[in-house]
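User: I have a model open and would like to talk through how its parts pack together. Could you take me through it step by step?

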Amino acid sequence: MKSSPMNTNDAASMTQTQHITQVDTKFLPEKEIPTDGVLREDYEKLRITYELQRDIGAEIEIDSVLNRILDRTFEFLKFDQGIILLVNKKGKLKARAHRNITKGKKIFLSTTLIKHVIHKREGVISSDILTDDRFNTAESIIFSGIRSTIVAPILQGNEFLGVIVIESSKKVGAFTEKDLLLIMNIARHTAQFIKNSLLHEELRISFDSAIRTLSATVDAKHTLTAGHSERVAELSVRIAKELGLNGYRLETLRYAALLHDIGKIGISDEILLKNGPFNDSEREEMNSHPTKTKAILEKFHFPKMLRNVPAISALHHERIDGTGYPKGLTDSDLPLEAKILSVADVFDALTSLRDYPKHDETGKSLECDTMSVSQAVAILEKGTGSQFDATVVGALKKCLASPEIQGQNK
Ligand SMILES: [Fe+2]
Ligand SMILES: [Fe+2]
């Protein structure tokens with residue numbers, strides 16, 4: 001048998017408890033703990049494990065959870081190398097976090113040991129690999145320098161999700177049965193976290209695809225508006241990031257932008273697709289689409305963090321001078337997200353095929369002309385202080401300096 005560097009390993013094992021005394025095998029009632037030293041050591045291990053379990057519950061990002069597990073485990077187990085491997089989508093075990101106290105040194109793993117853990121669905125400990133019958137022919141294990149190890153499966157029910165491996169190169173009996181119990185407990189919490197985060201990710205993808213489908217339905221009503229909402233969402237997010245927005249505010253804006261024109265499904269095709277100037281009643285109906293957007297989105301169940309999506313969406317035709325619609329709100333009443341959405345919406349309408357046919361002041365159709373970026377920016381600058389917020393237009397101009405946007409809107 002042999003071992004090899006990370007991801008190409010092997011070896012053998014099972015539960016091996018040599019050099020372990022009764023005191024080491026379990027956490028005893030306080031009165032039975034023989035010395036203050038053992039009491040303090042046990043307390044410290046349990047304290048750190050408790051804090052780690054609490055922290056795992058508060059985390060949302062899997063890699064940061066795995067790194068935290070190794071960092072905090074090192075506080076109570078002086079291991080030389082630790083690694084956490086998770087099963088990926090292809091069913092292969094891949095390293096997701098590792099620690100090695102000797103920088104640059106390769107981490108050795110026992111594939112045979114890991115296979116045993118997978119097969120038996122149980123954690124194993126070997127307190128001295130060199131005197132363990134199952135390892136004594138493994139020459140390369142000797143060369144790897146590993147002496148003690150703990151391997152704990154990460155299990156959800158009987159489903160194998162991954163494994164936590166802790167190894168000591170220097171010390172015989174570096175780990176105890178109590179340590180195995182603690183690592184198994186951490187592995188159980190890790191399994192719950194992984195399951196929750198996978199479920200959360202699936203729900204997020206499902207929610208996202210539903211929103212995108214909804215968004216595409218209104219754009220699909222006219223060939224000229226294809227992709228409008230996606231582009232407005234993308235540009236809104238870029239402007240928002242330029243202005244320092246992040247987290248749920250950014251997500252709220254992205255969904256609000258994707259759905260801002262959804263109210264147009266409540267506008268008759270006769271008006272929506274009209275190739276000519278609107279009369280007063282037609283204009284009135286057309287201008288009702290932000291209100292319809294809000295009414296539609298308020299029936300949608302958004303997660304609590306995204307509850308402002310309907311309100312933001314409904315403000316995309318407001319102007320900071322109060323002459324916009326439907327409410328005629330002014331600068332201080334408009335949230336930054338609405339000001340961003342307004343700029344991104346107009347910029348896309350100007351630089352893409354028109355979102356609906358436009359006409360000049362004489363009523364002459366401008367068909368589907370697009371404008372250059374510089375023409376569009378000139379219009380936005382002209383509207384700064386009346387229709388648009390100066391900071392937002394400034395942020396847009398910074399975004400336009402990036403090659404990505406320049407390439408999209410030549
Ligand atoms: Fe609109
Ligand atoms: Fe729009």
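Analyst: Happy to; what follows is a set of questions and answers on this predicted model.

User: How many helices and strands does the protein chain have?
Analyst: Some context on the chain first: it has 410 residues, of which 35% count as buried. Among its contacts with a separation of 6 or more, 67% join residues 24 or more positions apart. The secondary structure comes to 16 helices and seven strands.

User: Leaving aside its neighbours within four places in sequence, which residues is I239 in contact with?
Analyst: Setting aside neighbours within four places in sequence, its partners are I340, V343, A344, V392, A395, L396 and C399.

User: How many nonpolar, polar and charged residues are in the contact of α13 with α15?
Analyst: α13 passes α15 in a right-handed crossing. On the α13 side the contact uses K339, I340, V343 and F347, and on the α15 side V392, V393 and L396. By class, that gives six nonpolar, no polar and one charged.

User: What about α13 and α14: are they antiparallel or oblique to each other?
Analyst: Helix α14 covers residues 373-382, and its axis lies 9 Å from that of α13, at an angle of about 140°. Roughly antiparallel would need an angle over 145 degrees. This pair therefore counts as oblique.

User: How do the residues of the contact of α13 with α14 divide by class?
Analyst: The crossing of these two helices is right-handed. V343, V346, F347, L350 and T351 in α13 meet V373, A376, I379 and L380 in α14. The division is eight nonpolar, one polar and no charged.

User: Are α2 and α6 parallel or perpendicular to each other?
Analyst: Helix α2 (residues 36-58) packs with α6 at an angle of about 5°, with the axes 10 Å apart. Angles under 35 degrees count as roughly parallel. So α2 and α6 are roughly parallel.

User: Which residues of α6 meet α2, and how many in the contact are nonpolar, polar and charged?
Analyst: From α2, the residues are K45, T49, L52, Q53 and I56. They meet L182, N185, I186, H189, T190 and F193 in α6. By class, the contact has five nonpolar, five polar and one charged.

User: Which strands do the buried residues of α4 pack against?
Analyst: In helix α4 (residues 111-120), the buried residues are T112, L113, I114, H116 and V117. They pack against β4 (108-109), β5 (124-126), β6 (148-156) and β7 (159-168).

User: Is R121 buried or exposed?
Analyst: R121 sits in the loop between α4 and β5. Its phi is near 55°, a positive value in a residue other than glycine. Around R121 there are 12 other C-beta atoms within 10 Å, and 12 or fewer counts as exposed. R121 is therefore exposed.

User: Leaving aside neighbours within four places in sequence, which residues is T291 in contact with?
Analyst: T291 is found in helix α11 (residues 289-298), and with 15 other C-beta atoms within 10 Å it is partly exposed. The C-alpha atoms of T291 and G263 are separated by 7.1 Å, although the two are 28 residues apart along the chain. Apart from neighbours within four places, the contacts of T291 are G263, A314 and P326.

User: What is the peptide bond from Y325 to P326, cis or trans?
Analyst: P326 has its place in the loop between α12 and α13. Omega for the bond from Y325 to P326 is near 10°. The bond is cis.

Conventions. Residues numbered from 1 in each chain as written. Chains lettered and ligands numbered in written order. Predicted model: local features only at pLDDT ≥ 70, side-chain atom pairs only at ≥ 80, totals over all residues. Contact = placed C-beta atoms within 7 Å. Left-handed = near helix turned anticlockwise from the far one by under 90°. Helix = DSSP H or I, 4+ residues; strand = E, 2+ residues; numbered from the N terminus. Nonpolar A, V, L, I, M, F, W, Y, C, P; charged D, E, K, R; others polar. Axes fitted to C-alpha atoms, helices over the stretch in contact; angles between N-to-C directions. Parallel < 35°, antiparallel > 145°, perpendicular 65-115°, else oblique. Buried ≥ 20, exposed ≤ 12 C-beta atoms within 10 Å, placed from the backbone.
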